[in-house]
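Me: Hey, I've just opened this one and have never looked at it before. Can you walk me through it?

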Amino acid sequence: MNGFLVIDKPAGVTSHDIVSKVRRAINQKKVGHTGTLDPFATGVLPVAVGEGTKAIQFLDESEKEYRAVLRLGIATDTQDLTGQVLSERDWSHLEASDLERLAPQFLGLQKQMPPMFSAIKKDGVPLYKLARKGIEVEREAREVEIHALCFEWIRLPEACFTVTCSRGTYVRTLASDIGEALGCGAHLLELRRTRSGLFREADAISIEALAEAVNQEDLILPLDRALDHLQRLELTEAGGRKVQNGVVPQAADFTTATGEFRQGEQVRLYQGERFAAVAEYDMLKGLRLARVFN
(Lines give C-alpha, C1' and ligand atoms only; values in the text may rest on other atoms or scores of the structure.)
Protein backbone atom coordinates (compact mmCIF):
# COMPACT_ATOMS: atom_id res chain seq x y z
CA MET A 1 0.00 0.00 0.00
CA ASN A 2 1.22 3.48 -0.87
CA GLY A 3 -0.19 6.75 0.45
CA PHE A 4 -1.51 8.09 3.75
CA LEU A 5 -3.73 6.88 6.56
CA VAL A 6 -5.44 9.34 8.91
CA ILE A 7 -5.25 7.66 12.30
CA ASP A 8 -7.35 8.79 15.26
CA LYS A 9 -4.70 8.63 17.96
CA PRO A 10 -5.98 7.72 21.43
CA ALA A 11 -4.61 9.22 24.63
CA GLY A 12 -1.79 7.49 26.49
CA VAL A 13 0.31 6.36 23.54
CA THR A 14 3.09 8.07 21.60
CA SER A 15 3.07 8.82 17.90
CA HIS A 16 5.87 6.26 17.54
CA ASP A 17 3.62 3.66 19.20
CA ILE A 18 0.99 4.35 16.54
CA VAL A 19 3.52 3.79 13.76
CA SER A 20 4.38 0.40 15.26
CA LYS A 21 0.71 -0.52 15.54
CA VAL A 22 0.07 0.47 11.90
CA ARG A 23 3.02 -1.67 10.77
CA ARG A 24 1.47 -4.69 12.48
CA ALA A 25 -2.08 -3.90 11.31
CA ILE A 26 -1.16 -3.71 7.62
CA ASN A 27 1.84 -6.06 7.75
CA GLN A 28 4.08 -3.49 6.09
CA LYS A 29 7.43 -2.16 7.32
CA LYS A 30 7.66 1.17 5.47
CA VAL A 31 5.54 3.38 7.75
CA GLY A 32 6.12 6.79 9.32
CA HIS A 33 4.14 9.66 10.88
CA THR A 34 4.23 13.23 9.60
CA GLY A 35 4.36 15.02 12.96
CA THR A 36 4.12 14.06 16.61
CA LEU A 37 1.22 14.46 18.99
CA ASP A 38 1.81 14.56 22.76
CA PRO A 39 1.03 11.23 24.47
CA PHE A 40 -1.95 12.76 26.35
CA ALA A 41 -3.34 14.29 23.12
CA THR A 42 -5.78 12.60 20.75
CA GLY A 43 -6.95 13.04 17.19
CA VAL A 44 -5.58 13.40 13.68
CA LEU A 45 -2.21 11.73 13.14
CA PRO A 46 -1.34 11.37 9.43
CA VAL A 47 0.67 8.19 8.83
CA ALA A 48 2.57 7.58 5.61
CA VAL A 49 2.86 4.06 4.23
CA GLY A 50 5.01 2.69 1.40
CA GLU A 51 5.89 5.37 -1.16
CA GLY A 52 3.99 7.85 1.00
CA THR A 53 7.04 8.07 3.28
CA LYS A 54 8.90 9.72 0.39
CA ALA A 55 6.18 12.35 0.06
CA ILE A 56 6.12 13.57 3.69
CA GLN A 57 8.54 16.41 2.93
CA PHE A 58 6.19 17.80 0.26
CA LEU A 59 3.01 17.90 2.35
CA ASP A 60 1.35 21.19 3.19
CA GLU A 61 0.63 20.92 6.91
CA SER A 62 1.27 24.60 7.55
CA GLU A 63 -2.13 25.04 9.22
CA LYS A 64 -3.49 22.92 12.05
CA GLU A 65 -6.66 22.93 14.12
CA TYR A 66 -7.18 21.79 17.71
CA ARG A 67 -9.90 21.55 20.31
CA ALA A 68 -8.66 21.91 23.88
CA VAL A 69 -9.93 22.12 27.44
CA LEU A 70 -7.99 24.29 29.89
CA ARG A 71 -8.23 24.54 33.66
CA LEU A 72 -7.64 27.93 35.27
CA GLY A 73 -5.88 28.43 38.61
CA ILE A 74 -3.23 25.71 38.35
CA ALA A 75 0.05 25.89 36.41
CA THR A 76 2.13 22.75 35.79
CA ASP A 77 5.68 22.20 34.54
CA THR A 78 4.44 20.39 31.41
CA GLN A 79 1.58 22.88 30.89
CA ASP A 80 -0.85 19.94 30.90
CA LEU A 81 -2.44 17.52 33.36
CA THR A 82 0.52 15.10 33.28
CA GLY A 83 2.93 17.52 34.98
CA GLN A 84 3.85 18.59 38.48
CA VAL A 85 1.97 21.54 39.96
CA LEU A 86 4.06 24.71 39.99
CA SER A 87 1.51 27.11 41.43
CA GLU A 88 -2.13 27.44 42.46
CA ARG A 89 -3.80 30.85 42.28
CA ASP A 90 -7.28 32.19 42.80
CA TRP A 91 -9.52 32.31 39.74
CA SER A 92 -12.85 32.92 41.49
CA HIS A 93 -12.94 36.63 40.60
CA LEU A 94 -13.00 35.80 36.88
CA GLU A 95 -16.05 35.55 34.64
CA ALA A 96 -16.63 33.96 31.24
CA SER A 97 -16.53 37.38 29.63
CA ASP A 98 -12.93 37.84 30.80
CA LEU A 99 -11.82 34.89 28.66
CA GLU A 100 -13.88 35.98 25.68
CA ARG A 101 -12.44 39.51 25.80
CA LEU A 102 -8.93 38.09 25.97
CA ALA A 103 -9.17 35.89 22.85
CA PRO A 104 -8.54 38.65 20.25
CA GLN A 105 -5.22 39.51 21.94
CA PHE A 106 -3.84 36.13 20.90
CA LEU A 107 -4.75 36.38 17.21
CA GLY A 108 -2.18 36.98 14.49
CA LEU A 109 1.59 36.67 14.72
CA GLN A 110 2.80 35.86 18.22
CA LYS A 111 6.11 35.18 19.93
CA GLN A 112 5.81 31.90 21.80
CA MET A 113 8.37 30.42 24.17
CA PRO A 114 8.71 26.65 23.52
CA PRO A 115 8.10 24.62 26.70
CA MET A 116 10.93 22.64 28.30
CA PHE A 117 8.78 19.54 27.90
CA SER A 118 9.07 19.48 24.10
CA ALA A 119 10.99 17.60 21.41
CA ILE A 120 13.02 20.66 20.44
CA LYS A 121 16.72 19.88 20.77
CA LYS A 122 19.47 21.75 22.60
CA ASP A 123 22.96 20.62 21.55
CA GLY A 124 21.37 17.48 20.10
CA VAL A 125 19.42 16.60 23.26
CA PRO A 126 15.58 16.86 23.32
CA LEU A 127 14.46 19.43 25.87
CA TYR A 128 12.06 17.01 27.55
CA LYS A 129 15.00 14.78 28.52
CA LEU A 130 16.68 17.73 30.22
CA ALA A 131 13.40 18.75 31.84
CA ARG A 132 12.96 15.29 33.36
CA LYS A 133 16.35 15.78 35.07
CA GLY A 134 15.22 19.11 36.45
CA ILE A 135 17.43 21.05 34.05
CA GLU A 136 16.08 24.21 32.43
CA VAL A 137 17.95 25.88 29.59
CA GLU A 138 17.48 29.13 27.72
CA ARG A 139 15.20 28.93 24.70
CA GLU A 140 14.48 31.39 21.97
CA ALA A 141 10.92 32.52 21.46
CA ARG A 142 9.50 31.37 18.13
CA GLU A 143 7.11 33.20 15.88
CA VAL A 144 3.78 31.42 15.43
CA GLU A 145 0.49 32.56 14.00
CA ILE A 146 -2.97 32.11 15.51
CA HIS A 147 -5.52 32.32 12.70
CA ALA A 148 -8.66 31.77 14.80
CA LEU A 149 -9.42 31.29 18.49
CA CYS A 150 -12.86 30.92 20.03
CA PHE A 151 -14.35 29.42 23.18
CA GLU A 152 -16.92 26.67 22.64
CA TRP A 153 -18.00 26.61 26.28
CA ILE A 154 -16.88 28.16 29.54
CA ARG A 155 -17.69 26.50 32.88
CA LEU A 156 -15.17 28.07 35.21
CA PRO A 157 -12.57 27.08 36.18
CA GLU A 158 -12.65 25.05 32.94
CA ALA A 159 -13.14 26.23 29.37
CA CYS A 160 -13.09 24.58 25.95
CA PHE A 161 -11.63 26.42 22.96
CA THR A 162 -10.83 25.71 19.33
CA VAL A 163 -7.76 27.17 17.68
CA THR A 164 -6.50 27.25 14.11
CA CYS A 165 -2.80 27.95 14.05
CA SER A 166 0.47 27.63 12.19
CA ARG A 167 2.67 24.57 12.35
CA GLY A 168 4.95 24.64 15.39
CA THR A 169 2.40 26.24 17.71
CA TYR A 170 2.24 24.69 21.19
CA VAL A 171 -1.38 24.69 22.31
CA ARG A 172 -0.22 23.81 25.83
CA THR A 173 1.79 27.02 25.86
CA LEU A 174 -1.14 28.98 24.46
CA ALA A 175 -3.32 27.76 27.35
CA SER A 176 -0.57 28.62 29.84
CA ASP A 177 -0.19 32.10 28.32
CA ILE A 178 -3.96 32.66 28.55
CA GLY A 179 -3.81 31.73 32.23
CA GLU A 180 -0.92 34.10 32.87
CA ALA A 181 -2.71 36.92 31.05
CA LEU A 182 -5.64 36.37 33.44
CA GLY A 183 -3.28 36.36 36.40
CA CYS A 184 -4.13 32.89 37.68
CA GLY A 185 -2.22 30.40 35.50
CA ALA A 186 -3.69 27.49 33.56
CA HIS A 187 -2.93 24.08 32.11
CA LEU A 188 -4.54 21.75 29.58
CA LEU A 189 -6.85 18.94 30.63
CA GLU A 190 -7.56 17.73 27.07
CA LEU A 191 -6.10 18.30 23.63
CA ARG A 192 -7.45 16.94 20.35
CA ARG A 193 -6.11 17.70 16.89
CA THR A 194 -9.02 17.99 14.48
CA ARG A 195 -7.07 18.92 11.33
CA SER A 196 -3.51 18.85 10.05
CA GLY A 197 -3.34 20.40 6.60
CA LEU A 198 -5.79 18.48 4.40
CA PHE A 199 -6.01 15.58 6.88
CA ARG A 200 -9.28 15.92 8.83
CA GLU A 201 -10.97 14.40 11.85
CA ALA A 202 -13.89 13.22 9.68
CA ASP A 203 -11.50 10.92 7.79
CA ALA A 204 -9.69 9.57 10.85
CA ILE A 205 -9.97 5.90 11.81
CA SER A 206 -8.90 3.97 14.87
CA ILE A 207 -6.10 1.42 14.83
CA GLU A 208 -8.71 -1.24 15.65
CA ALA A 209 -10.82 -0.27 12.63
CA LEU A 210 -7.75 -0.41 10.41
CA ALA A 211 -6.76 -3.86 11.67
CA GLU A 212 -10.30 -5.21 11.17
CA ALA A 213 -10.93 -3.65 7.74
CA VAL A 214 -11.46 -6.19 4.97
CA ASN A 215 -10.19 -3.80 2.27
CA GLN A 216 -7.50 -1.75 3.98
CA GLU A 217 -6.47 -0.16 0.69
CA ASP A 218 -9.84 1.61 0.56
CA LEU A 219 -8.74 3.58 3.64
CA ILE A 220 -5.59 4.93 1.97
CA LEU A 221 -5.40 8.50 0.66
CA PRO A 222 -3.31 8.23 -2.55
CA LEU A 223 -0.01 10.03 -2.15
CA ASP A 224 -0.55 12.37 -5.10
CA ARG A 225 -3.93 13.40 -3.64
CA ALA A 226 -2.09 14.38 -0.49
CA LEU A 227 0.03 16.67 -2.68
CA ASP A 228 -2.94 18.22 -4.43
CA HIS A 229 -1.71 21.71 -3.50
CA LEU A 230 1.12 21.31 -6.06
CA GLN A 231 0.59 22.18 -9.73
CA ARG A 232 0.19 19.16 -12.03
CA LEU A 233 2.25 18.89 -15.23
CA GLU A 234 1.84 16.20 -17.89
CA LEU A 235 4.82 14.35 -19.38
CA THR A 236 5.05 12.74 -22.78
CA GLU A 237 5.71 9.01 -22.87
CA ALA A 238 9.38 9.70 -23.57
CA GLY A 239 9.45 12.26 -20.77
CA GLY A 240 7.95 9.73 -18.37
CA ARG A 241 10.68 7.22 -19.21
CA LYS A 242 13.33 9.88 -18.61
CA VAL A 243 11.94 10.71 -15.20
CA GLN A 244 11.76 7.04 -14.19
CA ASN A 245 15.48 6.85 -14.99
CA GLY A 246 16.21 9.95 -12.93
CA VAL A 247 16.74 12.24 -15.92
CA VAL A 248 15.45 15.82 -15.64
CA PRO A 249 12.75 16.47 -18.28
CA GLN A 250 13.19 19.28 -20.81
CA ALA A 251 10.52 21.49 -22.40
CA ALA A 252 9.93 18.96 -25.20
CA ASP A 253 9.14 16.25 -22.60
CA PHE A 254 5.90 17.97 -21.53
CA THR A 255 2.61 17.73 -23.39
CA THR A 256 1.96 21.47 -22.98
CA ALA A 257 3.97 24.57 -22.13
CA THR A 258 4.94 24.60 -18.46
CA GLY A 259 4.77 28.37 -17.97
CA GLU A 260 6.84 30.33 -15.45
CA PHE A 261 7.96 28.98 -12.07
CA ARG A 262 8.79 30.74 -8.83
CA GLN A 263 12.06 30.06 -7.04
CA GLY A 264 11.62 26.87 -5.01
CA GLU A 265 8.21 26.07 -6.51
CA GLN A 266 7.37 22.37 -6.46
CA VAL A 267 5.23 20.62 -9.07
CA ARG A 268 3.81 17.12 -9.62
CA LEU A 269 4.83 15.29 -12.78
CA TYR A 270 2.50 12.74 -14.39
CA GLN A 271 2.67 10.41 -17.35
CA GLY A 272 -0.97 9.76 -18.10
CA GLU A 273 -2.58 8.79 -14.79
CA ARG A 274 0.70 7.63 -13.26
CA PHE A 275 2.17 9.95 -10.66
CA ALA A 276 5.86 9.99 -11.56
CA ALA A 277 7.70 12.58 -9.48
CA VAL A 278 7.88 15.87 -7.65
CA ALA A 279 10.15 18.44 -9.28
CA GLU A 280 11.46 21.70 -7.86
CA TYR A 281 12.49 24.85 -9.69
CA ASP A 282 15.86 26.45 -9.05
CA MET A 283 16.44 29.86 -10.61
CA LEU A 284 20.05 28.99 -11.47
CA LYS A 285 19.74 25.31 -12.37
CA GLY A 286 16.18 25.16 -13.68
CA LEU A 287 13.78 22.30 -12.95
CA ARG A 288 15.27 19.42 -10.96
CA LEU A 289 13.82 16.13 -9.73
CA ALA A 290 13.17 16.33 -6.00
CA ARG A 291 11.75 12.80 -5.71
CA VAL A 292 10.84 10.04 -8.17
CA PHE A 293 8.04 7.65 -7.19
CA ASN A 294 7.72 4.03 -8.22
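This is a predicted model: local features need pLDDT of at least 70, side-chain atom pairs count only at pLDDT 80 or more; totals for chains, interfaces and linings use all residues.

Me: Which way do strand 2 and strand 3 run, parallel or antiparallel?
Reply: Antiparallel: strand 2 (residues 31-33) is joined to strand 3 by three bridges.

Me: How many bridges join strand 1 to strand 3?
Reply: Seven, and strand 1 (residues 3-9) also runs antiparallel to strand 3.

Me: Is strand 3 largely enclosed or exposed, and why?
Reply: Largely enclosed by the rest of the structure, because eight of the eight residues in strand 3 (residues 42-49) are buried.

Me: OK, zooming out. How many helices and strands does the chain have?
Reply: The protein chain has eight helices and 17 strands. Its C-alpha trace spans about 70 × 45 × 40 Å along the principal axes. Of the 294 residues in the chain, 49% are buried.

Me: New topic: pockets. How much space lies in the largest pocket?
Reply: About 1000 Å³.

Me: Which residues lie nearest its centre?
Reply: Thr 36, Leu 37, Asp 38, Ala 119 and Arg 172, out of 35 residues that line the largest pocket.

Me: Which helices and strands each supply at least two residues of that lining?
Reply: Among them are helix 1 (15-26), helix 4 (127-132) and helix 5 (171-182). Strand 4 (63-72) and strand 12 (186-196) each supply at least two as well.

Me: How do the lining residues divide into nonpolar, polar and charged?
Reply: For the largest pocket, 13 are nonpolar, 13 are polar and nine are charged.

Me: Let's switch to aromatics. How many aromatic pairs are there?
Reply: Five. Take Phe 151 and Phe 161: that pair is edge-to-face, 6.0 Å centre to centre with 65 degrees between the planes.

Me: Where do those two sit?
Reply: Phe 151 is in strand 10 (residues 142-155) and Phe 161 in strand 11 (residues 158-166), so the pair links parts of the chain 10 residues apart.

Me: Are Phe 151 and Phe 161 buried or exposed?
Reply: Phe 151 is buried, since its relative accessible area is 15% and the cut-off is under 20%. Phe 161 is buried too, at 0%.

Me: What about Phe 261 and Tyr 281, what makes that pair tilted?
Reply: Their ring centres are 5.6 Å apart and the planes are at 35 degrees, so the pair counts as tilted. Phe 261 lies in the loop between helix 8 (237-244) and strand 15 (266-271), while Tyr 281 is in strand 16 (residues 274-282), so the pair ties together parts 20 residues apart in sequence. Phe 261 is buried, with a relative accessible area of 16%.

Me: Which rings form a cluster?
Reply: Tyr 270, Phe 275 and Phe 293, linked by ring pairs.

Me: And which charged end sits over the ring of Tyr 270?
Reply: That of Arg 232, 3.6 Å from the ring centre. Elsewhere, Arg 155 lies over the face of Trp 153, at 3.8 Å from the centre of that ring.

Conventions: Residues are numbered from 1 along each chain as its sequence is written. Side-chain values use heavy atoms; hydrogens and water are left out. Rings of Phe, Tyr and Trp (its six-membered ring) pair if their centres lie within 6.5 Å; planes under 30 degrees apart count as stacked, over 60 as edge-to-face and the rest as tilted. Helices (H or I, at least four residues) and strands (E, at least two) are DSSP runs, numbered from the N terminus. Buried means under 20% relative accessible area, exposed over 50%, partly exposed in between (1.4 Å probe, protein chains only). A charge sits over a ring if NZ of Lys or CZ of Arg is within 6 Å of the ring centre and within 35 degrees of the ring normal. On a 1 Å grid over the protein atoms alone, a cavity is a set of points where a 1.4 Å probe fits but cannot get out, and a pocket is an open set with protein on both sides within 12 Å along at least five of seven lines; lining residues have an atom within 4 Å of a point. Grid points are joined across faces, edges and corners, and a volume is the space filled by probe spheres set on the points. Ala, Val, Leu, Ile, Met, Phe, Trp, Tyr, Cys and Pro count as nonpolar, Asp, Glu, Lys and Arg as charged, and the others, Gly among them, as polar. Two strands pair if DSSP finds at least two bridges between them.
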